[in-house]
Amino acid sequence: MKNLLEHMGIEPERLHFSWISSAESTKFVDVATKVTEAVKSLENKEKKFVKTKPKVA
Amino acid sequence: MKSYTEKIKEISKGLLEEGKVDMVIGYRKGSVPLMHQPFFAQNQQEIDEFVWDSNCGLNLANYVTDRQEKIGILATGCNSRNIATHIVEGKIKREQLYIIGIPCKGMLDRHKLAAMADGPITTVEEDEEKGTVTISGDGFSETVDKTEALQQNCSICVHRNPVIYDELVADEVKEQTRDEVDPYAGVKEIEAMSPEEKWAHFDDLLSACIRCYACRNACPLCYCPLCFVDESKPQWVGKSIDPTDVRTFHFLRAYHCAGRCTDCGACVRACPVGINVRDFTKKLEKDCFELYGWEAGMSTEQRPPLDTYKPDDPEEFIK
């Protein structure tokens with residue numbers, strides 16, 4: 001799925017997959033920080049797969 | 001392909017006569033050129049309507065799911081692989097089917113030919129000896145090599161002969177190898193693009209989509225009683241032609257076909273606006289081949305890779 005999303009033009013930095021147990025709070029914080037940093041680092045700020053408002057009535 | 005047609009009729013008539021099957025699924029001449037229609041023949045007269053040539057590109061495996069009758073069915077390489085997939089997925093039993101195998105040399109690309117023509121095409125003639133196709137209509141006539149007019153999935157096909165069959169209509173044709181044709185040339189072109197270019201490529205590709213779902217309806221894999229796009233409680237995806245909705249539909253539909261798609265090209269052939277839906281599915285087919293060494297529908301025993309778990313499944317993407 002990651003491959004196909006990237007194939008369609010989603011930047012790799014926007015896609016993260018992790019396996020975190022409910023007992024791994026530090027890992028969760030760590031991953032969340034890394035994800036937000038990676039996404040913020042992107043130059044292209046265009047929202048993808050987000051509908052803002054309908055373009056057709 | 002006249003010899004094929006005669007042989008198909010002969011076998012089909014025999015099957016009905018002996019009571020081996022209740023019907024034979026084949027093709028008859030369509031109401032528009034380049035599109036022969038799938039046809040269920042249940043008696044000798046109906047069998048006389050059968051035709052076989054390079055306009056039989058819709059996938060007949062689409063019509064056998066959940067049927068109770070005994071069925072004779074024509075199957076080229078890709079069609080037979082979709083039948084095998086149905087057997088693995090429990091949509092039909094092997095014993096119910098009498099598969100008439102057809103060694104295939106590819107189907108004509110109706111979108112490509114329409115683009116070459118100077119108006120609506122009214123007749124299509126194929127010269128088997130010369131290997132040419134002539135399209136004509138009001139005030140024009142054009143002859144091209146069949147190899148140039150083939151659907152792209154056919155020109156890169158490496159499984160032209162049926163993988164399962166009860167009887168062949170002719171000797172097997174020579175298979176193309178992966179060295180001679182690169183099945184993934186098109187995918188690699190897109191892979192080489194930057195994320196922005198990829199996004200723009202798919203935006204452009206899907207800009208003409210009218211959400212008619214012809215691609216889904218033509219696809220033998222899309223047999224769900226209720227498709228996710230038609231469901232309203234919950235509504236998984238917007239039904240408009242907003243670019244986000246369109247892209248979500250195509251992305252999800254393609255993903256449902258991961259590891260099951262045989263690249264038969266029925267989706268592209270059915271599309272009224274000529275979208276190359278295979279830009280999605282071919283990528284998944286490539287991934288399955290590279291990650292799992294998997295080609296869909298090559299056996300009636302093995303389940304597709306995304307349907308099974310193996311301890312050594314690749315998982316580098318999980319951090």
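First, my terms: two strands pair if DSSP finds at least two bridges between them. Helices (H or I, at least four residues) and strands (E, at least two) are DSSP runs, numbered from the N terminus. This is a predicted model, where local features need pLDDT of at least 70, side-chain atom pairs count only at pLDDT 80 or more, and totals for chains, interfaces and linings use all residues. Residues are numbered from 1 along each chain as its sequence is written, chains are lettered from A and ligands numbered from 1 in the order in which they are written, and side-chain values use heavy atoms, with hydrogens and water left out.

**Entry 1: strand β4 of chain B**

I looked up β8 (residues 167–168) of chain B: β4(B) pairs with β8(B) in parallel over two bridges. There, B:Glu167 is the bridge partner of B:Ile100. I then checked β3 (residues 71–75) of chain B, which runs parallel to β4(B) and is joined to it by five bridges. B:Leu74 stands opposite B:Ile100.

**Entry 2: an open sheet in chain B**

I found three strands in the order β5-β6-β7 (chain B), with antiparallel pairing. The edge strands β5 (121–127) and β7 (140–145) each pair on one side only. β6 (residues 132–137) and β7 of chain B pair over six bridges. B:Thr134 has B:Thr143 in β7(B) as its bridge partner.
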